Amino acid sequence: MTSSALNTRRLALADMDAAARVHRAAFDHALPWLAGLHTPDEDRWFYRERMFSVCTLWGAFDGEAMSGVIAFHDDLIEQLYVLPAAQGCGIGSALLDIAKQGADRLQLWTFQRNARTRSFYEARGFVAVEQTDGSRNEEKEPDVRYLWTQVPARECRDAAVRPAMTDRRGD
């Protein structure tokens, strides 16, 4: 699939089984040591009952076939998955841009060992702001929280420091 052929749309409840299939295929490909963590029935339930009820979901399509999915709410990206055969074609970026529209900031979690995904987010302006040992996630896998802001995080820190320095000089 080429990015020029990319078709995206907001997902309906009827799309949740396809979203679950995209999730599982991409997850198992990227994290083979965690493959089989959930059954297909559990994945479908998760998307129909949990993701659809609390998130905005968008999908990318190649004709009628879903090739990518993003689920987000408030400032949190819950899920972003692209089929392995469709990765590198701009689908993940296009879906991420949908979540960025109108957002001042976004955050997400990914696993520390998932180097390709970490590189993807870092190349799109996300900054690692927290790492854990994985004791709080279902997989017990060390993870990392990323943050994206309209103003790069470094500029935010610099801006926070400048007024304090100005105030001291003004005394």
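The expected span of a helix is taken as 1.5 Å times one less than its number of residues. In this predicted model, helix α2 covers residues 40–54, which is 15 residues, and from its first C-alpha to its last it reaches 20 Å, close to the 21 Å expected at 1.5 Å a residue. A bend of about 30° is found in α2 at Tyr47.

The protein as a whole has 5 helices and 7 strands. Along the sequence these elements are arranged in the pattern β-α-α-β-β-β-α-β-α-β-β-α. The protein has 171 residues, and 37% of them count as buried. Its accessible surface is about 9,700 Å², with 51% belonging to carbon and sulfur atoms. When contacts between residues at least 6 apart in sequence are taken, 61% of them join residues at least 24 apart.

The buried residues of helix α2 are described next. Asp43, Phe46, Tyr47 and Met51 are buried in this helix; Tyr47 is also the site of the bend. The partners against which the buried residues of α2 pack are helix α1 (16–30) and the strands β2 (56–62), β3 (65–73) and β4 (76–82).

Asp43, placed in helix α2, has a relative accessible area of 8% and is therefore buried, the cut-off being under 20%. With residues up to four places away in sequence left out, Asp43 touches Ala20, Arg24 and His38.

Met51 belongs to helix α2 as well. Its relative accessibility is 1%, so Met51 counts as buried. Residues up to four places away in sequence again being left out, Met51 touches Phe46, Leu57, Ala71, Glu78 and Gln79.

Leu76 and Cys55 are 21 residues apart along the chain, and a distance of 9.4 Å separates their C-alpha atoms.

Strand β4 also takes part in the largest pocket. This pocket holds about 1,300 Å³ of space. It is lined by 45 residues, and those closest to its centre are Gln79, Leu80, Tyr81, Trp109 and Thr110. Two or more lining residues come from each of α1, α2, β4, α3 (91–100), β5 (105–111) and α4 (115–123). The element that gives the most to the lining is β4, with 7 residues.

The buried residues of α3 are Ile91, Gly92, Leu95, Leu96, Ile98, Ala99 and Lys100. Just after this helix, Gly102 takes a positive phi of about 75°.

Positive phi values are also found in residues other than glycine. In Asp74, phi is near 50°. Asp74 is located in the loop between β3 and β4, and its relative accessibility is 73%, so the residue counts as exposed, the cut-off being over 50%. Lys140, likewise not a glycine, has a positive phi of about 60°. The position of Lys140 is in the loop between β6 (127–131) and β7 (143–149). Its relative accessibility is 53%, and Lys140 therefore counts as exposed.

Conventions: Residues numbered from 1 in each chain as written. Predicted model: local features only at pLDDT ≥ 70, side-chain atom pairs only at ≥ 80, totals over all residues. Heavy atoms only, no water. Helix = DSSP H or I, 4+ residues; strand = E, 2+ residues; numbered from the N terminus. Bend = angle between axes of the 7 residues up to and from the residue. Buried < 20%, exposed > 50% of the residue type's maximum accessible area, 1.4 Å probe, protein only. Contact = heavy atoms within 4.5 Å. Areas by Shrake-Rupley, 256 points an atom, 1.4 Å probe, with all protein chains shown as cover. 1 Å grid on protein atoms, 1.4 Å probe; cavity = no way out; pocket = protein on both sides within 12 Å on 5 of 7 lines; lining within 4 Å. Points joined across faces, edges and corners; volume = space filled by probe spheres on them.
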